[in-house]
Amino acid sequence: MTKTVRIALAGPGAFGIKHLDALKQIEGVEVVSLIGREPAKTQEVASKYGVKHTTTNLEESLALPEVDAVILCTPTQMHAQQSMAAMKAGKHVQVEIPMCDQLDEGRAVVEMQKKTGLVAMCGHTRRFNPSHQFVRKRIEAGEFNIQQMDVQTYFFRRTNMNALGQPRSWTDHLLWHHAAHTVDLFQYQVGSPVVKANAIQGPIHPNLGIAMDMSIQLKAANGAICTLSLSFNNDGPLGTFFRYIGDSATYIARYDDLFNGKEEKIDVSKVDVSMNGIELQDREFIAAIREGREPNASVAKVLPCYEVLHQLERQLEA
């Protein structure tokens, strides 16, 4: 019988709840501790999902001997330090995207993983969405080669809100969070590192202190290019939309749905065991723990993404 993997989850907000829903679908997994900033809200979520232990202190959960692994759905600025704290405590860790918002911290996370040998993974969900998996399988079969990716990441967040429309205690970032999805996916899908990267940004929001609009251009060593537009000012449609333009086809991916260039829907329901990208991401994390192997989207595998983001940030600051 497969040993039950016992999880502590930090951050019972919009994305934490997505993980709790996903973990319910995976056999042999139990969430045993929930860590949140607000005790009443944390207890409310814990009661709904049958989690017995709650706390406002991550260290308290890390000290629990029954905890095998930690999933971090906390503010971006905490990700790197909390990931390293989890590994220091002997726990496997999956940290939500982004792994860091400073390159040196990301490199420190990778070094900690190498030192401990634990499973350390970052939530680069696009690697797991069935729509993007379909495209990758065609690439791996030699049936499709990407010439260009055209990506739009659009939100309407002129105030500091989370994905559920609730007030957020920290500030999100177009470059270090939302661009990370596409920069990583582009390098992953084309199988070639970014060798040229350019970025421009719009005005800085007077209260949030971040750019609300951004445009990024990437070129890979194999010649493929990517154009990414991001905005917190867009008043619908919302989400991220990917257009793959290749040598044999065009594909349009909208989360877990996929269409060809003529807007005809492609059935991706048999690509993997679920249509839920977060569930597939969590399944990979659990499988890597059980099999003692490096997961897809390990902290080492996604580090090149953050090297590009660092380069872009330096360019924007200059």
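Biologist: Let's start with Ser33: which residues does Ser33 touch, not counting residues up to four places away in sequence?

Modeller: Bear in mind throughout that this is a predicted model. Leaving out residues up to four places away in sequence, Ser33 touches Ile7, Ala8, Leu9, Val51, His53, Ser61 and Leu64.

Biologist: And where is the place of Ser33? Buried or exposed?

Modeller: Ser33 sits in strand β2, which covers residues 29-35, and Ser33 is buried, with a relative accessible area of 0%.

Biologist: Okay, zooming out: in what order do the 6 strands of the open sheet come?

Modeller: The order is β3-β2-β1-β4-β5-β6, and the pairing is parallel. The edges are taken by β3 (53-55) and β6 (120-123), each of which has a single partner strand, so one side of each is left without a neighbour in the sheet. On average, neighbouring strands of this sheet are turned by 20° against each other, if direction is ignored.

Biologist: How many bridges join β1 to β4?

Modeller: There are 4 bridges between strand β1 (residues 5-10) and strand β4 (residues 69-72), and the two run parallel. Within that pairing, Leu9 stands opposite Ile71 in β4. Moving along, β4 is joined to β5 by 4 bridges as well, again running parallel, and there the bridge partner of Ile71 in β5 is Gln94.

Biologist: Tell me about β5, then. How many of its residues are buried?

Modeller: In β5, 5 of its 5 residues are buried. Both faces are covered, with His92, Gln94 and Glu96 buried on one side and Val93 and Val95 buried on the other.

Biologist: Gln94 on its own, please: what does Gln94 touch, not counting residues up to four places away in sequence?

Modeller: Gln94, which lies in strand β5 (residues 92-96), is buried with a relative accessible area of 1%. With residues up to four places away in sequence left aside, Gln94 touches His19, Val70, Ile71, Leu72, Met121, Gly123, Gln281, Asp282 and Phe285. The side chains of Gln94 and Asp282 are joined by a polar contact of 3.0 Å. Gln94 and Val299, although 205 residues apart in sequence, are 9.0 Å apart in space, C-alpha to C-alpha.

Biologist: Gln281 is on that list. Where is Gln281 found?

Modeller: Gln281 belongs to helix α8 and counts as buried, at 0% relative accessibility. Not counting residues up to four places away in sequence, Gln281 touches His19, Gln94, Glu96, Met121, Gly123, His124, Thr125 and Phe128.

Biologist: Switching to helices: at what angle do α6 and α7 pack?

Modeller: The angle is about 30°, with the axes 10 Å apart, and α6 and α7 are therefore roughly parallel to each other. The contact is made by His132, Val135, Arg136 and Ile139 of α6 together with Leu185, Tyr188 and Gln189 of α7. The residues of this contact divide into 4 nonpolar, 2 polar and 1 charged.

Biologist: Which residues of α6 are buried, and what covers them?

Modeller: In helix α6 (residues 130-140) the buried residues are Pro130, Ser131, His132, Gln133, Val135 and Ile139. Their cover includes β7 (146-154), α7 (174-190), β11 (239-246), β12 (250-254), β13 (257-260) and α8 (277-291). Following α6 comes Gly142, whose phi is positive, near 75°.

Biologist: And what is the order of the 8 strands in the other open sheet?

Modeller: The order there is β8-β9-β10-β7-β11-β12-β13-β14, and the pairing is mixed. The edges are β8 (194-201) and β14 (265-266), each with a single partner strand, so one side of each is left without a neighbour in the sheet. α6 packs on the sheet, where it touches β7, β11, β12, β13 and β14, and its direction makes about 150° with that of β12. α7 also packs on the sheet, touching β7, β8, β9 (213-220), β10 (225-231) and β11, and its direction makes about 20° with that of β9.

Definitions and conventions
Residues are numbered from 1 along each chain as its sequence is written. This is a predicted model: local features need pLDDT of at least 70, side-chain atom pairs count only at pLDDT 80 or more; totals for chains, interfaces and linings use all residues. Side-chain values use heavy atoms; hydrogens and water are left out. Two strands pair if DSSP finds at least two bridges between them. Axes are lines fitted to C-alpha atoms, for helices over the stretch in contact, and angles run from 0 to 180 degrees between N-to-C directions. Buried means under 20% relative accessible area, exposed over 50%, partly exposed in between (1.4 Å probe, protein chains only). Contact means heavy atoms within 4.5 Å. Angles under 35 degrees count as roughly parallel, over 145 as roughly antiparallel, 65 to 115 as roughly perpendicular and the rest as oblique. Ala, Val, Leu, Ile, Met, Phe, Trp, Tyr, Cys and Pro count as nonpolar, Asp, Glu, Lys and Arg as charged, and the others, Gly among them, as polar. A polar contact is a pair of N or O atoms within 3.5 Å; within protein, one must be able to donate a hydrogen and the other to accept it, and residues adjacent in sequence count only if both atoms are side-chain atoms.
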